[in-house]
Amino acid sequence: MALIVDLFLQAMQMVLVVAIAPAVLGITRKVKARLLRRIGPPLLQPYLDLWKLMHKEAVLAHNASWVYRTAPYTIFAATWVAAALVPSYATGLLFSWSADLIAIVALLGTARFALALAGMDVGTAFGGIGSSREMMIASLAEPAMILIVFTVALVAGTTQLSAVATLFSTGSVGLRVSLGLGLFAFLFVAVAENARIPIDNPATHLELTMVHEAMVLEYSGRHLAMIEAASALKLVLYFSLIVCLFVPPGIAGPGAGLPEYALGIVSYLAKLLVLAVLLPIGETSVAKMRVFRYPLFVGSAFAAAALAVFLLFVSKGF
Amino acid sequence: MSKLLFDVAHLLAGSMLVLSFALLYQDRITAVINVFALQAITLSLSVAWQALVQDAPHLIVTAAIALVVKGFVVPYFLQRIVRALNIHRQIEQVIGSGSTMLTGLGLVALSILLVQPVGEVSIYVREDLAFALAVILLGLLMMITRRNAVTQVVGFMSLENGLVLAATGAKGMPLVVEVSVAFSVLIAFIVFGVFVFRMRERFDTVDVSALDRFRGDRKDAP
């Protein structure tokens with residue numbers, strides 16, 4: 001019986017992240033449209049888009065190989081697993097032993113690898129540009145991400161997300177400068193990884209400096225639906241990581257009762273809502289960067305994360 | 001509870017360090033001045049918090065001086081100078097922005113290493129000293145890497161922010177010292193202002209590399 005309950009809680013987490021991902025995307029689009037004094041699409045438009053794409057014919061290029069056809073499913077699967085592992089409403093779920101921060105970074109790296117391969121597979125110049133830029137951003141953002149992982153791991157003494165969230169939600173860690181710097185760096189990395197505005201524009205196919213949309217330009221039908229769903233999931237994944245690492249209060253601990261789980265879900269959704277409103281506000285207040293300035297932008301995230309690790313050495317000693 | 005008090009102090013000191021990096025990173029003159037003002041405001045918050053933590057009311061005066069003079073008066077006049085010189089749209093050449101940031105990181109590591117052997121004090125004091133030293137070194141770095149006289153002045157002022165941070169983080173700095181430091185910085189600021197305007201009159205630019213031609217040891221001096 002206990003096993004069934006555990007399985008149910010874990011399954012609920014897995015379903016929850018997929019179910020709300022398009023809604024989160026819808027909220028960011030709506031807020032952004034309102035900020036630009038447009039009315040914007042309805043909140044549920046991303047669901048309708050996915051539904052429409054699922055029922056359309058998938059057009060393949062003549063020279064597309066199996067890489068091109070399987071990549072969308074690989075990307076979606078890797079992103080979903082990663083998103084389902086991040087503790088959202090409760091810690092200590094059945095599979096939380098595998099929810100390691102480094103594993104999540106590796107899963108996202110796998111998804112990115114598949115996407116870059118798919119971008120180059122058909123052999124169009126545009127996909128190649130997108131892939132090469134994506135890899136440039138990744139080579140800058142991943143070291144920063146790993147340093148953030150180190151920061152968190154040094155503070156918490158573990159890289160296992162569930163244990164980290166449990167520790168941080170008790171408040172015994174206090175306000176740490178290193179964690180503040182880590183959050184600062186993480187926000188930069190999240191913007192870069194999710195193809196958001198100073199780095200990439202998620203709303204257009206028509207810009208020469210775009211990255212993510214350039215890679216998926218050739219996709220259609222159910223393949224495109226998978227990729228769109230995966231990018232929405234990735235956004236939710238990064239939001240969940242922010243919530244889990246930096247604002248964990250409200251999360252249900254291991255062995256909690258029904259009220260705690262309900263509170264956990266409500267607070268998780270509320271935090272996601274806040275982040276989904278803040279993101280477009282940040283996006284509309286800055287201009288898109290030139291490609292040659294990306295290293296500076298992501299490099300400052302790296303600098304902040306490195307600073308956080310340095311500072312931990314001051315307080316802990318070598 | 002006392003842990004939280006210290007944590008907030010560290011967060012403020014840490015954000016001063018981040019703002020120092022932002023100063024290094026910015027290449028628009030008006031943005032540099034705005035970031036500097038933000039740093040001074042953070043400094044005054046930090047000093048005011050120290051007044052609360054250390055129960056030292058005279059630090060409130062220090063905070064007020066920092067807020068009014070460095071948070072508002074100096075940035076206001078700098079903006080006016082920049083507008084008067086008509087360089088507020090200029091994008092300054094930073095000498096290799098990426099390498100500057102890396103050097104900055106190295107300086108932070110250096111200041112941490114320097115503070116490490118200071119024993120017999122709590123880790124909080126040690127961290128505070130490391131932050132302050134890093135802010136000072138980053139101010140120096142900014143003075144070295146910039147070619148524009150106005151941003152060099154900003155680098156100098158941010159260095160002074162680091163000095164105040166160091167002095168208030170350690171227990172008990174007499175108000176006389178603070179007032180005299182603030183006063184000397186103001187004098188230095190006026191001297192810099194005169195210097196900038198004279199330079200502008202003479203060479204039609206505030207790029208200090210124009211002064212290189214007048215070095216005595218140059219063979220190709222005119």
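This briefing walks through a two-chain model, first chain by chain and then through its contacts.

What you have here is a predicted model, so to speak of local features a pLDDT of at least 70 is needed, side-chain atom pairs count only at pLDDT 80 or more, and totals for chains, interfaces and linings use all residues. Residues are numbered from 1 along each chain as its sequence is written, while chains are lettered from A and ligands numbered from 1 in the order in which they are written. Chain A has eleven helices and zero strands, and chain B has seven helices and zero strands. Helices (H or I, at least four residues) and strands (E, at least two) are DSSP runs, numbered from the N terminus.

**Chain A overall**

- Along the sequence, chain A reads α-α-α-α-α-α-α-α-α-α-α.
- Its radius of gyration is 19 Å, close to the 20 Å that the globule rule gives for 318 residues, so chain A is as compact as a globular protein of that length. (The radius is taken over C-alpha atoms, and the rule is 2.2 Å times the number of residues to the power 0.38.)
- Taken along the principal axes, the C-alpha atoms of chain A fill a box of roughly 55 × 50 × 45 Å.
- Of the 318 residues in chain A, 48% count as buried. (Buried takes 20 or more other C-beta atoms within 10 Å of a residue's own, exposed means 12 or fewer, and partly exposed is in between, with C-beta atoms placed from the backbone.)
- Take the contacts in chain A between residues at least 6 apart in sequence: 80% of them join residues at least 24 apart. (Contact means C-beta atoms, placed from the backbone, within 7 Å.)

- The largest nonpolar core holds 160 residues, and A:V24, A:A144, A:A185, A:V189 and A:V236 touch the most other members. (Such a core is a set of buried Ala, Val, Leu, Ile, Met, Phe, Trp, Tyr and Cys residues joined through C-beta atoms within 7 Å.)
- Helix α9 (residues 221-246) of chain A gives this core its largest share, 17 residues.
- Setting aside neighbours within four places in sequence, A:V189 is in contact with A:A141, A:A144, A:M145, A:I148 and A:A301.
- A:S88 sits in the loop between α3 (66-85) and α4 (101-121) of chain A, and with 29 C-beta neighbours inside 10 Å it counts as buried.
- Beyond neighbours within four places in sequence, A:S88 is in contact with A:Q13, A:L16, A:V17, A:S240 and A:Y268.

**Chain B**

- Chain B follows the pattern α-α-α-α-α-α-α, and buried residues make up 41% of its 222 residues.
- Helix α3 (residues 58-84) and helix α6 (residues 149-169) of chain B have axes that come within 12 Å and cross at roughly 175°. (Axes are lines fitted to C-alpha atoms, for helices over the stretch in contact, and angles run from 0 to 180 degrees between N-to-C directions.)
- That makes α3(B) roughly antiparallel to α6(B), a label for angles over 145 degrees.
- The residues of this contact divide into nine nonpolar, two polar and one charged. (Ala, Val, Leu, Ile, Met, Phe, Trp, Tyr, Cys and Pro count as nonpolar, Asp, Glu, Lys and Arg as charged, and the others, Gly among them, as polar.)

**Where the chains meet**

- 22 residues of chain B are in contact with 20 residues of chain A.
- On chain B's side, the elements giving two or more residues are α1 (2-25), α4 (97-115) and α5 (123-145).
- α1(B) gives the most to that side, with ten residues.
- The residues on that side of chain B divide into 14 nonpolar, four polar and four charged.

Definitions and conventions: Two residues are in contact if their C-beta atoms, placed from the backbone, lie within 7 Å. Angles under 35 degrees count as roughly parallel, over 145 as roughly antiparallel, 65 to 115 as roughly perpendicular and the rest as oblique.
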